[in-house]
Amino acid sequence: MLTSPSSSSTYDSFSSNFSPSLTNAFSSFIIPMGLNLSRKVIGARVFSRKVKDRSTLKVTCLRAQERVVEEEASTMTETKQLFKVSSGEVSPLGVSQVDEGINFALFSQNATSVTLCLSLPQSGEYDLSDDGMIELVLDPSVNKTGDTWHICVEDLPLNNVLYGYRVDGPGEWQQGHRFDPSILLLDPYAKLVKGRSSFGDSSQKFAQFYGTYDFESSPFNWGDDYKFPNIPEKDLVIYEMNVRAFTADESSGMDPAIGGSYLGLIEKIPHLQDLGINAVELLPVFEFDELELQRRPNPRDHMVNTWGYSTINFFAPMSRYASGEADPVKASKELKEMVKALHSAGIEVILDVVYNHTNEADDKYPYTTSFRGIDNKVYYMLDPNNQLLNFSGCGNTLNCNHPVVMELILDSLRHWVTEYHVDGFRFDLASVLCRATDGSPLSAPPLIRAIAKDSVLSRCKIIAEPWDCGGLYLVGKFPNWDRWAEWNGMYRDDVRRFIKGDSGMKGSFATRVSGSSDLYQVNQRKPYHGVNFVIAHDGFTLRDLVSYNFKHNEANGEGGNDGCNDNHSWNCGFEGETDDAHIKSLRTRQMKNFHLALMISQGTPMMLMGDEYGHTRYGNNNSYGHDTALNNFQWKELDAKKQNHFRFFSEMIKFRHSHHVLKHENFLTQGEITWHEDNWGNPESKFLAFTLHDGVGGRDIYVVFNAHDYFVKALIPQPPPGKQWFRVADTNLDSPDDFVSEGVAGVAETYNVAPFSSILLQSK
């Protein structure tokens with residue numbers, strides 16, 4: 001139990017105004033419930049930040065004006081519902097329901113005082129003013145075990161309670177501390193977070209974020225016939241997408257209350273099935289701060305962070321992705337409904353997770369919401385001068401290999417697997433996770449190993465973005481324990497350069513489409529540990545890749561200084577939008593070339609939402625801050641391209657699914673591929689032909705890429721005995737002739753391959 005001070009003028013002045021029974025009850029720390037929790041009504045709070053001599057107080061009460069006490073004493077004595085507190089349990093961290101009540105546990109190694117702040121709804125409303133919250137000071141002699149502060153509050157409601165912490169400690173910034181007890185802090189382990197009521201509402205940019213919980217609702221019903229898709233990694237085709245941007249646009253035809261939500265995505269699952277993908281990689285769905293750019297005047301204060309790389313909490317789903325008004329409990333339920341619906345459609349769910357930094361910015365413009373104020377020296381990497389290190393490009397770097405932070409990350413991952421049934425994770429700027437607490441690179445990072453070996457995560461796909469903003473580029477060298485896959489950035493660059501006609505790229509292109517054995521054929525790694533992609537969320541869309549030589553980021557407010565300059569793009573003869581029929585035809589051909597290359601490559605293919613109809617951001621290659629059509633899926637554009645561009649993309653994906661020679665479990669051997677090439681040493685050769693051999697069924701696949709600006713006559717090899725070649729794809733042809741799934745017979749001994757085009761033949 002918490003104890004009250006043996007002598008305190010504040011406590012004495014309070015107790016002298018109440019009956020002995022209430023005074024005695026308070027010494028056992030019984031707090032009236034059912035009150036309007038305002039200063040006026042309660043007359044006393046368990047703790048006040050206005051009491052200056054905090055060091056002499058364990059449990060104290062705000063000095064009450066006698067007039068207020070006299071007015072409200074009868075109200076308090078008539079209150080029959082009470083709750084009391086006890087020391088609580090050290091684990092689990094966060095909020096948990098125990099036999100005695102609701103347990104709260106918070107880690108802080110360097111704190112000298114911790115105060116739990118509670119707000120209960122009265123008539124459906126919360127009083128969230130400083131004087132409207134109950135504040136319970138934790139006694140370190142009773143409520144602290146090791147570095148964990150804990151308290152159990154009895155008879156609290158099982159839901160609809162908001163909570164946070166005030167944490168105090170050493171005030172020396174030069175020692176790395178950032179304590180400020182005036183700030184209400186979010187529990188790092190909060191499973192639900194309540195904040196803004198709607199997405200991107202600038203009037204709420206300074207909204208407070210609170211932890212909350214729900215121990216009253218029944219467990220989510222996954223269904224008796226529910227099962228995980230459990231798709232082998234070699235069979236994956238990943239679709240990178242943004243939950244909000246997928247259905248937020250008016251063209252989705254949805255009720256505005258549904259558009260941009262988890263439920264909105266459910267309604268569009270038939271499109272994903274029609275396209276043929278079998279895994280979605282969702283841009284961040286953890287609670288994030290979309291208005292981080294609007295807290296102070298700056299060149300970017302017009303933008304809304306719609307991508308979501310600004311994590312507030314690692315356990316709670318994004319509440320503003322719920323349908324209608326944001327609600328954390330509803331968001332949790334609807335996210336589960338979305339996962340369940342995707343699984344029912346045979347589609348796996350991979351989350352893009354951001355454990356490299358948080359929303360709390362840097363020391364120049366600090367924004368303290370949680371970790372910084374709870375224990376800055378533990379949660380963040382600091383330099384020798386105790387200033388924040390910045391390997392994320394966002395002002396701070398999470399201290400991932402500190403034992404406490406590592407356990408938080410593991411607990412977070414396990415939570416998403418057990419509670420939300422997700423199938424895997426893509427780790428943003430994962431090289432940060434390979435750094436020691438001082439920022440130096442580690443050859444065997446404890447966190448990376450722990451994730452690879454964790455039993456709960458054993459069924460999950462784990463994918464690294466193997467670089468960071470500090471220059472730690474680990475493509476092909478990411479510590480992996482034969483489990484980790486990687487975004488293959490070299491695939492992106494080499495394929496872009498070859499397809500657009502750069503010299504000297506044929507050998508590199510051949511290596512990439514055959515599985516990047518130079519990067520991944522080590523120990524027990526497989527071709528599918530390389531995630532092949534030409535386009536991702538950051539950078540040009542596929543249409544912009546063939547329409548712009550230069551980035552056009554003026555709308556971002558940074559004078560075009562943001563975004564990557566090395567895009568390996570080619571505008572096909574004109575910068576931006578044009579009515580020139582020849583250029584438009586060439587661009588269409590090039591987009592099909594890129595997609596065909598991606599789908600015939602060994603490894604795991606990933607494409608970007610919107611590329612199936614040719615989405616444009618008009619040359620903006622860093623569009624994270626635009627909650628507009630620049631990022632939003634354009635459903636009318638899809639309708640317009642359904643019978644040509646979309647058809648080719650969809651058919652190519654389905655062709656990959658049905659042909660095992662395109663997705664080998666192991667790296668290709670000499671008998672499984674024939675290169676029809678004797679010109680490897682010529683840097684000006686931009687023509688590549690090869691055959692993938694079926695070996696059993698005789699369904700060989702012959703592929704040609706011509707990146708020259710002139711026709712090349714290809715000598716077609718002999719098909720397997722008893723077979724003949726059928727033309728399946730020719731990107732130079734118009735729809736529907738550009739892809740014929742059953743194939744077109746009559747392929748001669750030579751094939752005149754058009755400039756900047758590719759063909760695919762199959763033996764039958």
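In which loop is P736 found? The answer is the loop between β24 (725-730) and β25 (739-744), where helices (H or I, at least four residues) and strands (E, at least two) are DSSP runs numbered from the N terminus. The peptide bond from S735 to P736 is cis, with omega near 5°. A cis peptide bond also joins S91 and P92, with omega of about 0°, and P92 sits in the loop between β2 (82-86) and β3 (94-98).

The model is a predicted one, in which local features need pLDDT of at least 70, side-chain atom pairs count only at pLDDT 80 or more, and totals for chains, interfaces and linings use all residues. Residues are numbered from 1 along each chain as its sequence is written, and side-chain values use heavy atoms, with hydrogens and water left out.

The elements giving two or more residues to its lining are α8 (328-344) and α10 (403-420). By class, the lining holds 13 nonpolar, 5 polar and 6 charged residues (Ala, Val, Leu, Ile, Met, Phe, Trp, Tyr, Cys and Pro count as nonpolar, Asp, Glu, Lys and Arg as charged, and the others, Gly among them, as polar).

Helix α8 deserves a look of its own. Its 17 residues reach 24 Å from first C-alpha to last, close to the 24 Å expected at 1.5 Å a residue, the expected span being 1.5 Å times one less than the number of residues. Among the buried residues of α8 are S332 and K336, buried meaning under 20% relative accessible area, exposed over 50% and partly exposed in between (1.4 Å probe, protein chains only). At the N-terminal end, D327 caps α8 through a side-chain oxygen 3.2 Å from the backbone nitrogen of V329. Just after α8, G346 takes a positive phi of about 80°.

Strand β14 (residues 348-353) has 6 of its 6 residues buried, so β14 is largely enclosed by the rest of the structure. In a regular strand, side chains alternate between the two faces of the sheet. Both faces of β14 are covered, with E348, I350 and D352 buried on one side and V349, L351 and V353 on the other. Strand β13 (residues 279-282) pairs with β14 in the parallel sense over 4 bridges, pairing requiring at least two DSSP bridges. Within this pair, A279 stands opposite E348.

Burial extends to R426 in strand β15 (residues 424-427), which counts as buried at 0% relative accessibility. The side chain of R426 makes a polar contact with that of E465 (3.0 Å); such a contact is a pair of N or O atoms within 3.5 Å, where, within protein, one must be able to donate a hydrogen and the other to accept it, and residues adjacent in sequence count only if both atoms are side-chain atoms.
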